[in-house]
Amino acid sequence: MRLQLEKQLLFFSLLCTLSKVCAQLCQRPCYCPWAPPRCPRGSPLVLDGCGCCKICARRLGEPCDFLAVCDRSQGLVCDYSAARAGPAGTCHLEDDEESCEVNGKVYQDGEVFQPSCKLQCRCLDGGVTCIPLCQEDVRLPTPDCPYPRRVDVPGKCCQEWICETREQPLLRDAVAVPRAPGQAPLALPYPCEEWSTEWSTCSATCGMGFSTRVSNQNRYCRLETQRRLCVVRPCQAPLGASPVRGRGGRL
């Protein structure tokens, strides 16, 4: 009985203290600026703690007090537990283990959102899972497109592949650079992992032709189109051609 009475007295004294603070901070009638303040992005206009003037709601991690209230639409409350002295606190999330906070914005459990045009995310049980909205495919060099490259396209979020055309002289950098006896090979400032495609079929079915491939096996470790001469088989003489006769008309 005595403990219950002490609790009631403590609650009554707390109400009296709060009423005195409200009476000191909240003046009637209200005197507010003629134009409402311009709030930063993500901070809505709300009424102050006295319910009098419009102010910018405080965001996650920002200081707060009785007048400067936190953004309740984002589930924020003014936490005074970390305040050493004075009436100021800090805007923290309410004890909700299922909500998610990304870039200062709070999302409810099951809510789907896009933090950028390249990602789609979902808040689930206090965690965030995201999937990319842009294709992450890898395009290797081919004889038809030896220099693929991703570029930004105006008006589009995702990059797109293009094929750059670079004219290369025949057999440029395809052979090793001559070095003097005992001279060390040219050292690159970065490691080079050799890579190349298979040689294409010979351009001629008989006689002299050439085949191509894409490789970085050169002194610069640079992808390029390389060519080499090839002979599949000798070309046969046309049918009906007369054999060559020697001197005196004998075969």
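With 75 degrees about its S-S bond, the disulfide of Cys117 and Cys157 is right-handed. The model is predicted. A search of the whole structure turns up 13 disulfides. The protein has one helix and 14 strands. Of its 251 residues, 19% are buried.

**The Cys117–Cys157 disulfide**

- The sulfur atoms of Cys117 and Cys157 are 1.9 Å apart.
- Cys117 lies in the loop between strand S8 (112-116) and strand S9 (119-124). Cys157 lies in the loop between strand S11 (148-151) and strand S12 (160-163). The pair therefore ties together parts that are 40 residues apart in sequence.
- Cys117 has 46% relative accessibility, so it counts as partly exposed.
- Cys157 is partly exposed too, at 27% relative accessibility.

**The Cys26–Cys50 disulfide**

- Cys26 and Cys50 form a disulfide with their sulfur atoms 1.8 Å apart.
- The torsion about this S-S bond is -85 degrees, and the link of Cys26 and Cys50 is left-handed.
- Cys26 sits in the loop between helix H1 (2-25) and S1, while Cys50 sits in the loop between S1 and S2. Their bond therefore ties together parts that are 24 residues apart in sequence.
- Cys26 and Cys50 are both buried.

**The Cys70–Cys91 disulfide**

- Cys70 is joined to Cys91 by a disulfide, with an S to S distance of 2.1 Å.
- The torsion about the S-S bond is about -95 degrees, so the disulfide of Cys70 and Cys91 is left-handed.
- Cys70 is in the loop between S3 and S4, and Cys91 is in strand S5, so the pair ties together parts that are 21 residues apart in sequence.
- Both Cys70 and Cys91 are buried.

**The sheet around S5**

- Strands of a sheet pair through backbone hydrogen bonds, either parallel or antiparallel.
- Here, three strands make an open sheet in the order S3-S5-S4, and the pairing is antiparallel.
- Strand S3 (63-64) and strand S4 (76-79) are the edge strands. Each of these pairs on one side only.
- S4 and strand S5 (residues 89-93) run antiparallel and are joined by four bridges.
- Cys78 stands opposite Cys91 in S5. Cys91 is also the partner of Cys70 in a disulfide.

**Asp48 in its loop**

- Asp48 lies in the loop between strand S1 (45-47) and strand S2 (54-56). Cys50 is in the loop between S1 and S2 as well.
- Is Asp48 buried or exposed? At 13% relative accessibility, Asp48 counts as buried, because the cut-off is under 20%.
- A polar atom of the Asp48 side chain lies 2.8 Å from the backbone nitrogen of Cys52.
- Leaving aside neighbours within four places in sequence, Asp48 is in contact with Cys53, Ile55, Leu67 and Val69.

**The aromatic pair**

- A pair of aromatic rings is described by the distance of the centres and the angle of the planes.
- The count comes to one aromatic pair. Its members are Tyr107 and Phe113.
- These two rings are 3.7 Å apart, centre to centre, with 10 degrees between the planes. Planes under 30 degrees apart count as stacked, so this pair is stacked.
- Tyr107 is buried, with a relative accessible area of 9%.
- Phe113 is buried as well, with a relative accessible area of 6%.

**The largest nonpolar core**

- In soluble globular proteins, nonpolar side chains tend to be buried together.
- Which residues form the largest nonpolar core? There are six: Cys100, Val102, Tyr107, Phe113, Cys121 and Cys123.
- Strand S6 (100-102) and S9 are the elements that give two or more residues to this core.
- Both rings of the aromatic pair, Tyr107 and Phe113, belong to this core.
- Cys121 touches Glu111, Val112, Phe113, Pro115, Val128, Thr129 and Cys130, not counting residues up to four places away in sequence.

**Contacts across the chain**

Conventions
Residues numbered from 1 in each chain as written. Predicted model: local features only at pLDDT ≥ 70, side-chain atom pairs only at ≥ 80, totals over all residues. Heavy atoms only, no water. Phe/Tyr/Trp six-rings, centres within 6.5 Å; stacked < 30°, edge-to-face > 60°. Buried < 20%, exposed > 50% of the residue type's maximum accessible area, 1.4 Å probe, protein only. Polar contact = N/O pair within 3.5 Å; in protein donor to acceptor, adjacent residues only side chain to side chain. Contact = heavy atoms within 4.5 Å. Pairing = 2+ DSSP bridges. Disulfide = S-S within 2.5 Å. Core = buried A, V, L, I, M, F, W, Y, C linked by side-chain atoms within 4.5 Å.
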